[in-house]
Amino acid sequence: MKVHEGPGMTGSFAKLAWINVSKDLRLEWRSRDVFNSMMFFALIVVVVFSFAFEREDSRPVMGGLIWIAFLFSTTMALNQSWARELRNGVLDAYRVSPAPAEALFLGKVIGNFILITLLECLMAPLFVVFYNLSSVGPLWQLVVVTLLGTWALVVNGTFFAAMSIRTRNRELMLPLLLLPISIPAVLSMVTGTTQVLSGDGSPNVQLKFLAGFCVIFTTACFLLFETVLNAE
Amino acid sequence: MKTKLFFAFAAFCCLFLAYGTYQGLVVAPTEETMGDVQRIFYVHVPAATVAFTLFFVNFLASIYYLWKRSPQADALAATTAEVGVVFCSVVLITGPIWARYAWGVWWSPWDMRLNTTLMLWLLYVSYLVMRRSSTGGSTSVLASALAIFAFLDVPIVYMANRWFRTHHPPPMLFTPRIDPRMGHIMSINMLAFLCFSVLICWFRYEMERTAQKINAGHIQRAAGGAVGMMLLPAVFFATPGHVAPISYLWAGYLAAWGIYVGYLLFLMSKLAKLKKEAAEVGAG
């Protein structure tokens with residue numbers, strides 16, 4: 001397909017994706033409505049669970065707890081990221097635009113990824129404070145598990161948010177679609193995180209599994225995104 | 001005509017299933033350690049085979065739909081997903097009944113095989129929910145995309161037995177470790193249940209096509225399921241410590257056939273409703 005020259009439409013795939021990323025981040029920076037509610041939600045989860053568990057015995061369940069907080073705040077962010085595009089028919093404008101749909105998708109994924117990673121960085125000290133947490137295993141493994149896990153959640157989540165925005169009960173559909181699909185990833189994120197935190201066993205298997213999961217599902221998302229965007 | 005062929009096939013299926021069940025319950029040798037309860041395998045394993053096969057057909061039909069946009073492929077995808085969920089439910093209900101006897105627990109939460117099968121069931125239930133809640137023309141495209149994603153998880157489920165530590169017995173068919181008669185009867189049952197699933201799919205597919213023709217997108221869900229769900233917890237809490245092993249076998253068979261017959265009855269009521277609607281609209 002020939003790309004028409006015009007303001008905002010020139011440039012490579014990477015440049016188009018970057019335009020989307022910077023637009024999303026700028027919007028979020030000015031309003032901060034998604035980030036604030038996400039942050040507050042994760043904070044509430046941390047505090048409520050800290051009442052429920054004794055400090056001494058919380059280590060084996062920490063992996064699950066951390067990811068529950070992140071998973072649900074991710075769902076909040078993802079719903080908003082597409083709902084924002086529905087106003088003023090922006091989504092329809094994307095569909096008639098000659099820019100490749102995959103660039104839009106990549107931009108959205110990277111924008112969401114940055115947002116969630118920021119949230120995780122801010123939440124980490126809170127977990128340390130509330131649960132007196134320290135990692136027995138090497139810290140870099142924890143970072144890799146978190147990054148891969150976040151990518152797996154965000155890439156699938158962005159795709160399924162785009163899908164659920166097309167259904168009748170928009171926001172309700174996303175968890176229904178996203179959670180079953182990501183169960184394998186969630187299982188290995190939780191196991192991997194717990195293994196690093198408690199230091200029993202190496203998370204290498206989980207890391208490989210997560211990496212494979214990311215590759216397979218990222219490919220599938222890119223192949224099918226245009227179909228979903230244009231479904232009518 | 002089509003109807004005659006359908007009834008002939010239905011009669012064949014009934015005979016085949018009766019033969020398979022007789023073989024499984026009476027002829028098959030009793031297993032050494034698990035005793036008669038092991039005979040649940042003759043409904044559990046075929047149901048699993050059928051569920052996996054149907055999900056695979058669903059995957060192929062979805063790809064074909066995205067490629068050619070044929071309404072037949074869409075109807076086939078909807079059919080196989082729904083019937084697949086029914087068979088998968090049988091797997092998930094007969095499994096715990098056997099496990100309660102063999103392992104002493106209903107469910108082992110850290111067993112990958114169990115979790116992944118449950119996940120598969122959840123995936124296809126979410127697929128059905130998706131089909132029901134999307135609007136107008138976009139349903140088929142969105143559902144096809146979702147089906148492809150769902151099927152990407154199937155290899156993980158299938159390999160879970162080999163990759164991860166699990167209590168679930170590995171597939172033993174066609175290995176020299178089992179009595180050849182057991183393997184033989186298992187194959188008979190697999191074939192019988194495959195025929196049975198083809199029969200149900202045929203029935204369901206015709207309905208889906210009728211539904212497409214009269215454009216009745218909103219299909220009612222089985223209300224009886226709610227009552228069943230309320231009764232189910234009572235069973236789990238009421239289990240006494242010592243139950244005769246044979247009752248697990250009967251429970252397994254009853255549960256499996258309860259689901260199959262219940263689903264058939266549900267389809268019948270739906271068909272009656274559709275026919276009425278078709279007559280009103282004048283299509284069909």
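**Close-up views of a predicted model**

The accessible surface of chain B comes to about 14000 Å², and 71% of this area belongs to carbon and sulfur atoms (Shrake-Rupley method, 1.4 Å probe). The model is predicted: local features need pLDDT of at least 70 and side-chain atom pairs count only at pLDDT 80 or more, whereas totals for chains, interfaces and linings use all residues. Residues are numbered from 1 along each chain as its sequence is written, chains are lettered from A and ligands numbered from 1 in the order in which they are written, and side-chain values use heavy atoms, with hydrogens and water left out.

**View 1. Chain B has nine helices and zero strands.** Helices are DSSP runs of H or I with at least four residues, strands are runs of E with at least two, and both are numbered from the N terminus. Of the 284 residues in chain B, 49% are buried (under 20% relative accessible area, with exposed over 50% and partly exposed in between; 1.4 Å probe, protein chains only).

**View 2. Arg59(A) lies in helix H3 of chain A, residues 59-86.** Arg59(A) counts as partly exposed because its relative accessibility is 25%. Leaving aside residues up to four places away in sequence, Arg59(A) touches Ser134(A), Val136(A), Thr194(A), Leu197(A) and Ser198(A) (heavy atoms within 4.5 Å). Arg59(A) and Leu133(A), 74 residues apart in sequence, are 7.8 Å apart in space, C-alpha to C-alpha.
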